Amino acid sequence: MGDPKAFLNIPRQEAGYRPVNERIADYSQVEQTLNTNSRKLQASRCMDCGVPFCHWACPIGNKQPEWQDALYRGKWKEAYEVLSSTCDFPEFTGRICPALCEKSCVLKLSCDQPVTIRENEAAIVEAAFREGYIQVKTPRRNGKKVAVIGAGPAGLVVANQLNLKGYSVTLFDKDEAPGGLLRFGIPNFKLDKNVIDRRMKILAAEGIQFEMGVEIDVNHLPEGFDAYCICTGTPTARDLSIPGRELKGIHFALEMLAQQNRILAGQTFPKDKLVNAKGKKVLVIGGGDTGSDCIGTSVRQGAASVTQIEIMPKPPVGYNPATPWPQWPAVFKTTSSHEEGCTRRWCLASNQFLGKNGKVTGVEVEEVEWIPAADGGRPTMKPTGKKEVIEADMVLLAMGFLKPEQPKFAKNVFLAGDAETGASLVVRAMAGGRKAAAEIDAYLIQ
């Protein structure tokens with residue numbers, strides 16, 4: 001597996017980001033790439049572990065050591081074949097996955113220098129596209145039809161898997177183009193939409209029927225299909241119901257993110273409908289990835305200032321004894337968007353929105369403390385009485401999404417992705433898509 005001693009001699013090398021002053025002037029992808037030789041050296045660091053915890057940690061069961069070895073040996077086609085056997089769309093996960101595999105890499109656990117698994121994955125699939133290893137397949141049809149409702153990551157995987165098994169698949173989505181949050185949530189500077197379009201052309205050529213801009217009531221599914229899969233995600237964002245919520249200038253994160261992506265795709269909006277941060281003091285409420293995306297987008301739109309607040313305490317840097325492996329490490333994280341300029345604060349609860357003439361002008365926040373539970377359970381939040389006002393003429397709510405309540409479906413209706421589990425990672429939605437596709441196949445071949 002790779003060079004058995006490479007991890008001793010070759011340090012981890014990330015491709016890194018484009019310079020800040022350059023990237024904030026556009027919406028092109030911020031992440032750079034390594035040259036082929038450097039990429040093969042990074043793959044050589046995979047150390048032939050007795051138990052590859054990277055594979056264990058991956059929701060879709062990627063066989064990382066096998067394709068790292070092939071990459072190191074320059075066998076790019078073999079690497080792609082191994083990778084694509086478990087991952088339908090490595091060009092997505094290779095760009096936006098938080099890489100659970102790397103957090104479980106033995107080199108992470110032993111010396112905090114994991115193999116660059118995610119970047120290597122992206123390099124493999126891009127080589128596969130570039131060299132023509134990815135060819136349109138022509139599945140042999142079995143005469144059965146499946147409708148997939150929702151064209152996000154889970155729905156795309158369900159459609160792809162079933163289509164390759166010979167089912168005639170129709171993919172419905174309320175939006176004008178497929179991708180779900182890949183297209184209308186994640187900014188272009190993290191995932192260029194040409195990457196999505198490239199794959200969609202292949203899926204269409206392989207026979208998947210796309211019915212976009214079609215709103216489907218899951219209680220009244222379209223007739224003429226042998227099975228259905230509901231992959232509608234988590235459409236309801238968590239709100240902040242405090243006094244002043246009705247003021248203008250307060251938006252859900254996706255109102256900004258989706259609109260900006262549509263503008264980059266060529267759509268136009270009336271001036272009074274624009275969610276634009278130009279010249280504004282922006283306050284982002286919520287400390288996760290969606291909040292980070294709001295920061296990067298606000299900076300590019302020309303915000304006067306950006307502040308991000310989080311109700312939870314600031315995580316420790318590097319290692320958190322409260323979340324040892326195999327738990328996900330709750331540690332301080334600085335994204336490319338954070339690097340571009342913002343103020344970050346923690347342990348702040350929002351009490352009320354303040355405004356003038358119907359428009360938001362600030363938020364009254366209060367410092368909170370988190371009291372550990374005696375039994376080691378969930379800590380208790382305690383307000384301290386220390387209040388202040390953060391000025392803001394745009395507030396973006398990035399506090400996650402609510403798990404949808406699903407009706408009781410007929411036995412030929414299946415669920416996948418966030419529609420089933422609640423909001424989670426793209427890679428987990430993709431894993432759910434594979435699981436649902438296998439269940440549908442088993443049901444229909446009875």
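This is a predicted model: local features need pLDDT of at least 70, side-chain atom pairs count only at pLDDT 80 or more; totals for chains, interfaces and linings use all residues.

Visitor: Noted. Which residues of α18 are buried?

Guide: Quite a list: Val426, Val427, Ala429, Met430, Ala431, Gly432, Gly433, Ala436, Ala437, Ile440, Asp441 and Leu444.

Visitor: Which residues touch the most other members of the largest nonpolar core?

Guide: Val158 and Ile440 do, out of the 66 residues in that core. The largest share of this core, nine residues, comes from helix α18, residues 426-444. At least three residues come from each of domain 1 (6-131) and domain 2 (145-235 + 402-445). As a general point, nonpolar side chains in soluble globular proteins tend to be buried together.

Visitor: And what does Val158 touch?

Guide: Leaving aside residues up to four places away in sequence, Val158 touches Val148, Cys229, Cys231, Ala416, Gly433, Ala436, Ala437 and Ile440.

Visitor: You've mentioned domains. Which ones does the assignment give?

Guide: The domain assignment of the chain gives domain 1 (6-131), domain 2 (145-235 + 402-445) and domain 3 (250-397).

Visitor: How many residues do domain 2 and domain 3 each bring to their contact?

Guide: The centres of domain 2 and domain 3, taken over C-alpha atoms, are separated by 30 Å. Their contact takes 12 residues from domain 2 and 12 residues from domain 3. Between them, the two domains bury about 930 Å², with 49% of it on carbon and sulfur atoms.

Visitor: Switching to cysteines: how many disulfides are there?

Guide: Zero, in a search of the whole structure. Take Cys54: the nearest cysteine sulfur is that of Cys46, 6.1 Å away. Since a disulfide needs the two sulfur atoms within 2.5 Å, Cys54 is in no disulfide.

Visitor: Is Cys54 buried or exposed?

Guide: Cys54 counts as buried, because its relative accessibility is 9% and the cut-off is under 20%. Cys101 is in no disulfide either, the nearest cysteine sulfur being that of Cys58 at 6.2 Å. Cys101 is buried, with a relative accessible area of 9%.

Visitor: Now the backbone. Where does a cis peptide bond turn up?

Guide: One joins Trp325 and Pro326, with omega about 15°. Pro326 is in the loop between β7 (305-309) and α16 (336-339). For context, most peptide bonds are trans, and most residues other than glycine have a negative phi.

Visitor: What is phi for Ala99, then?

Guide: Ala99 has a positive phi of about 60°, although it is not a glycine. Its place is in the loop between α7 (90-96) and α8 (100-104), and Ala99 is buried at 5% relative accessible area.

Guide: Asn357 has a positive phi too, near 55°. Asn357 is in the loop between β9 (348-356) and β10 (359-371).

Visitor: Is Asn357 buried or exposed?

Guide: Exposed, because its relative accessibility is 74% and the cut-off is over 50%.

Visitor: Last one: where is Gly143?

Guide: Gly143 is in the loop between α10 (117-131) and β1 (145-149), and it counts as exposed at 63% relative accessibility. Along the chain Gly143 and Tyr167 are 24 residues apart, while their C-alpha atoms are separated by 6.7 Å.

Note on methods: Residues are numbered from 1 along each chain as its sequence is written. Side-chain values use heavy atoms; hydrogens and water are left out. A nonpolar core is a set of buried Ala, Val, Leu, Ile, Met, Phe, Trp, Tyr and Cys residues joined through side-chain atoms within 4.5 Å. Buried means under 20% relative accessible area, exposed over 50%, partly exposed in between (1.4 Å probe, protein chains only). Helices (H or I, at least four residues) and strands (E, at least two) are DSSP runs, numbered from the N terminus. Domain bounds come from an automatic or database domain assignment. Contact means heavy atoms within 4.5 Å. Buried area is the accessible area (1.4 Å probe) that two parts lose on being put together, summed over both.
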